[in-house]
Amino acid sequence: MALLTLLDAHLAYGHVPLLDGTGFSLETGERVAVIGRNGAGKSSLLKILAGLERPDDGQLQVQGGVRRVYVAQEPAFPDGASVFDAVAEGVAEARALRARYEAHAEGEDLDALQTRLEALGGWTWEQRVDEALQRLALDPQAAVAALSGGQKKRVALAQALAAAPDVLLLDEPTNHLDIDAIEWLQGLLNDWQGALVLISHDRAFIDAVATRIVELDRGQLRSYPGRFAAYEATKARELEDEALANARADKLLAQEEVWIRKGVEARRTRSVGRVARLHQLRAQRAARREQLGQVSLAMDAGLPTGKIVAELSDVSMRFGERTLIDRFTATILRGDKVGLIGPNGVGKTTLLKLILGELEPTGGRVRRGTNLQVAYFDQLRGGLDLEATLVDTISPGSEWIETGAGRKHVMSYLTDFLFSPERANSPVRTLSGGERNRLLLARLFALPANVLVLDEPTNDLDIDTLELLEELLQDYAGTVFLVSHDRRFLDDVVTSTIAWEGDPVFGGRPGLWREYEGGYSDWKQQRERGRVAVAPPAPSPTPAAPASAAPATAPKARTKLSYKEQRELDELPARIEALETEQAQIAATLAGSEIYVHEPQRVAALNARHEAIEEELMTALERWELLGNR
């Protein structure tokens, strides 16, 4: 039996139904990612599954004894709460029941209390809270109010995990988390044994965590087993089929409308059936919900900058005893798309301000280019006046906007970003998080700029808009600085990466930044190689020369390979090729949908083998390089 079953659900706000007679079920151990356009009703659906809201019509069936925990997109905590208190709220019922049991209050049914306590694991609630705090690396004495957005999200997750639910419901869990925290969360969720329903627009995160994708589209839930690539291929075919079917229906309706207007012939008795069919065609056309349009993105790159946008030479930035940037050198050229990667609080914003002239370094030199016209995208949406209308936000005091595509009326421009004319005079506070991000993009693209600074532009944006934004930035003639936790987005947009590598565990120093060619995946691959290089060597019975001197003093062929080593070297290329072939075959299998339909039990084993091959490949490549240099 399914843990949760939603039957014939209806929900509407205003005249557009968010759920239109749709259904959903969740099986034990399933991991479902819910995707869809901004405003489609995903958060409302999740709250219905959590039991926090009720549909207008329909039924939610919950298997007896199933415990559900919902983690909101923006978690809220009581004023003055400590981290321990906030996490312990996840076991509030167990705490209260145990307190009642231990008090032996007159009239209490101790047997019933004990049964419920055992079902909730109430005898060990302190242990569960401590374990959750340790797993999420949280200080139990810290005040929740003083934490960052990412840390608050960790507290909310710890609260949920301490409750040990059967079903975990997460609304945009990666928002406010940096890349390391997202990868940590992936591992946490993959190790968790319960069922999971999450809303996310992070395609890499969905691929890493979900076993099934469910799309909420025009009031209907459609299920797609498998990875995101398989969903995209299937969805494209479905939309093509839908467009053909609609075109055929429209053509038939047009023919019948012409016939009915002929008059007498249509009123003959033998044509009554044809008239009835016409009425049915009209009703079907009126009830049809068309696919939402695409956001139309275009930007004026303004006047070109000089060839060099910024040249940094041994730049350092210190605040008191703290070093955020230490002797960083880089050259940013016109047209570069630069990604900035690093944990929250290490100085990404400070580095951007140094590059663009908003701060001067405490050491080194920054030479900036000419004709810089900079436009900012603020992840905190601090530039939005919540009481202003959409029209005033985009074009205060004017009905026209000059864009890269030419002069445009503000109403038409807002329509390009999927804001209807009826909403143009609504205040900003009425918009959802994703809609506010779309409004910020609309305002940003209305400005002529040859340098774009995008700070977490992907938060709350739906996947369709993300992909269109990727295309715009790829074609944009100006320079882009991008801070994002969306790994797929970074890979698709940036041409170079500036990464913080100040972690002393891997040989870094405070304020160490390095520049790499390529996107996130390229940087990660090079970082992992660097970590292998700085790993402590195995103990040797004889003193070794200093590592720093080895490259300069060691001859190219210090020792002759033994017979066994030479044979190993000869076999390694074939071994590497076989591993790469096997890995490609597994990736192709997982990208398709057949395995999820016919052999879902093999998915976990194939994912594990794919990861194991990655480790084997790295070991084989390192061994090949080592033997080849001897």
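The model is predicted, so local features need pLDDT of at least 70 and side-chain atom pairs count only at pLDDT 80 or more, while totals for chains, interfaces and linings use all residues. Residues are numbered from 1 along each chain as its sequence is written, and side-chain values use heavy atoms, with hydrogens and water left out.

Of the 630 residues in the chain, 44% are buried, that is, under 20% relative accessible area with a 1.4 Å probe, protein chains only.

Next, select residues 212–217 and 220–225. These are strands S8 and S9, which run antiparallel and are joined by 6 bridges; two strands pair if DSSP finds at least two bridges between them. Leu-216 has Leu-221 in S9 as its bridge partner. The hairpin has 2 residues between the strands, and Arg-218 takes a positive phi near 55° there.

Move on to the open sheet of 3 strands, with the order S11-S10-S13 and antiparallel pairing. Select 322–333 (S11) and 363–368 (S13): each stands at an edge with a single partner strand, so one side of each is left without a neighbour in the sheet.

Last, select residues 348–356. This is helix H11, which packs on the sheet and touches S10, S11 and S13.

Terms used:
Buried means under 20% relative accessible area, exposed over 50%, partly exposed in between (1.4 Å probe, protein chains only). Helices (H or I, at least four residues) and strands (E, at least two) are DSSP runs, numbered from the N terminus. Contact means heavy atoms within 4.5 Å. Axes are lines fitted to C-alpha atoms, for helices over the stretch in contact, and angles run from 0 to 180 degrees between N-to-C directions.
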